[in-house]
Amino acid sequence: MTDLKKIICCFLILLIPFFSHAQKPKPATITLTGITLLPTDSNRKVCVNSLLITGTKKTKIYIVYREIQFKKGDSLVISELRNELEQARRQVYNTTLFNEVSMELIAFDSFHVNITVKVTERWYLYPVPQFQLVDRNFNDWIKTQNASLERVNYGIKFVHYNLSGRRDQLRIYLISGYTRNISFYYNNPYSNSSLNNGFGIGAGYSQNRETPYKTDSGNKVLFYKKDDFTRNTAYATAAYTIRKGLFKKHIFSIGYSHQKVDDSIINAKYNPSYFNDPVSSKDIIDLAYILQYSNVNNVSYPLTGKAVYFTVQKRGLGFTGGINMLMMEAGWNKYFDIRKGWYCSIQLIGKIKLPFEQAYINQRGLGYGENYLRGLEYYVIDGVVTCLARSTVKKKIIAFNIPFPLFPKILTKIPFTIFGKTYADVGYAYNKKTTYTYLNNRFLYSGGFGIDILTLYDINLRIEYSFNQLKENGLFLHSQSGF
């Protein structure tokens, strides 16, 4: 079977669950007591007589109240009670402050209900020893670098996810080894009394022994390296956020960085277009605006809902030449519950960078971060215009808990949920003919199947067997963590 036929088969598999009737499972974390006391007319309203939060220790209680769309004294339509409670539960859980969130409603007469939100806090403080790979991903480290232990970083990462109880985060990195990184970032999303404005500040300094200076014709990154450090970067950043409702957020940011690379990198032998100028150092200013909309059941592993974003970034103070760039990016993610235990997702991402003549450091397209086709993890496709579409169908196979009695006040069990899935991706990356590679300016496609393993603190291990249009196939591992 050819790779194209395999991709078509994946797409057909993706469509199968759409022919089934949708069934919405009832959340087990919502308890309704005395509901028979309410009027049978479902269009009637009842008053929230009390709204209590229990289980908070570190977290300020008003942070929880801020995420709930109703308050004490509000009236709720009887037919929408369960949906209202589920929406509130999701919003509180999506703060990522709690391991468990449950809702309890008690109706004690025909006109009034009491609502209790029960939460179990996470552990917020992590002084974590670090063992990091310097390569783009685990698969690249294994195949390209033969799992060399010389290509790792070590040190400590200190993170507090709830420093003052207002969901403010402090991150401090002290990393050495193959590269060096000393940095901090503080984010306070609720810095005013109305809990709708926030800010973030950070700074750092890093050194790299090898510097990616070019992408070859086979879509592999070329590195300049020697015994000493070949790139030094100092940076500072600040951000201001506005979040007046529950689902929409505006982010305004400004950043400054000073980058210096080894003089040899900008020579004709390597890449004189690294900065798009015949210089080995640059002072870079970045201005950005991000609009985010997110209404999903779980921000770390969405199964239902929608998430949208739009970004405008201006790099440099000019319009052409050097590192000057105007970038616009948009993403649309939709997650469907198509029947009991079956879920489907569609993700669309598009990006354009102007002008099309860009410095090498501005040409990152597909293959970086989460912007990649599954099955093409070993490649990077630089571009000034990129498009990516990813579709996935998954089935919940099993969910179970393992008792964990060592720390009963913090953690009593470790949950596991396993999904089986199939997927198909398509993409495109445009670059001018003077800089394009084999995978540039052509239709890209890949597909495969695998399993996702979810556990405590939104840790997600993805085991995937993928194939692509280059007639390549293989096993790929990815991981994601909520801390």
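These are my notebook entries on what I looked up in this predicted model.

**Ground rules**

I number residues from 1 along each chain as its sequence is written. Since this is a predicted model, I ask for pLDDT of at least 70 for local features and count side-chain atom pairs only at pLDDT 80 or more, while totals for chains, interfaces and linings use all residues, and side-chain values use heavy atoms, with hydrogens and water left out.

**Entry 1: the whole protein**

I began with the overall count and found four helices and 23 strands. Helices (H or I, at least four residues) and strands (E, at least two) are DSSP runs, numbered from the N terminus. Of the 483 residues, 46% are buried. My scale here is relative accessible area: buried is under 20%, exposed is over 50%, and partly exposed is in between (1.4 Å probe, protein chains only).

I then turned to contacts, meaning heavy atoms within 4.5 Å. Among contacts between residues at least 6 apart in sequence, 59% join residues at least 24 apart.

**Entry 2: a five-stranded sheet**

I traced an open sheet with the order E1-E4-E5-E2-E3 and mixed pairing. Its edge strands are E1 (30–33) and E3 (75–77), each pairing on one side only. From one strand to the next, the twist averages 30°. For pairing, DSSP has to find at least two bridges between two strands.

Which sense does each pair take? E2 (residues 45–54) and E5 (residues 112–121) run parallel, over seven bridges. Along that pair I noted Val 48 opposite Val 113 and Leu 51 opposite Ile 115. E4 and E5 are antiparallel, over nine bridges, and they form a hairpin with four residues between them.

Helix H3 (residues 81–93) lies across E1, E2, E3, E4 (98–107) and E5, and runs at about 155° to E4. Axes are lines fitted to C-alpha atoms, for helices over the stretch in contact, and angles run from 0 to 180 degrees between N-to-C directions.

**Entry 3: Arg 462**

Is Arg 462 buried or exposed? I found Arg 462 in strand E22 (residues 459–468), and this arginine is buried because its relative accessible area is 9%. Its side chain makes a polar contact with the side chain of Tyr 372, at 3.4 Å. By polar contact I mean a pair of N or O atoms within 3.5 Å; within protein, one must be able to donate a hydrogen and the other to accept it, and residues adjacent in sequence count only if both atoms are side-chain atoms. Leaving out residues up to four places away in sequence, Arg 462 also touches others, including Glu 370, Lys 421, Asp 452 and His 478.

Asn 333 sits in E17 (residues 325–339) and is buried at 13% relative accessible area. Lys 306 is 27 residues away from Asn 333 in sequence, yet the two are 5.7 Å apart, C-alpha to C-alpha. Beyond four places in sequence, Asn 333 touches residues including Gly 305, Ile 346 and Leu 348.

Tyr 235, in E13 (residues 231–242), is partly exposed at 30%. Its contacts beyond four places in sequence include Ser 183, Tyr 205 and Tyr 256.

**Entry 4: cysteines**

How many disulfides does the structure hold? I found zero, taking a disulfide as a pair of cysteine sulfur atoms within 2.5 Å. Cys 344 is buried at 5% relative accessibility, and Cys 387 is partly exposed at 39%.

Most residues other than glycine have a negative phi, and most peptide bonds are trans. With that in mind, I checked for departures. The bond from Leu 354 to Pro 355 is cis, with omega near -10°. Pro 355 falls in the loop between E18 (342–354) and E19 (385–407).

Thr 96 is not a glycine, but has a positive phi of about 60°. This threonine is in the loop between H3 and E4 and is partly exposed at 26%. Leu 195 also has a positive phi of about 60°. Leu 195 lies in the loop between E9 (179–188) and E10 (197–208), and counts as buried at 10%.
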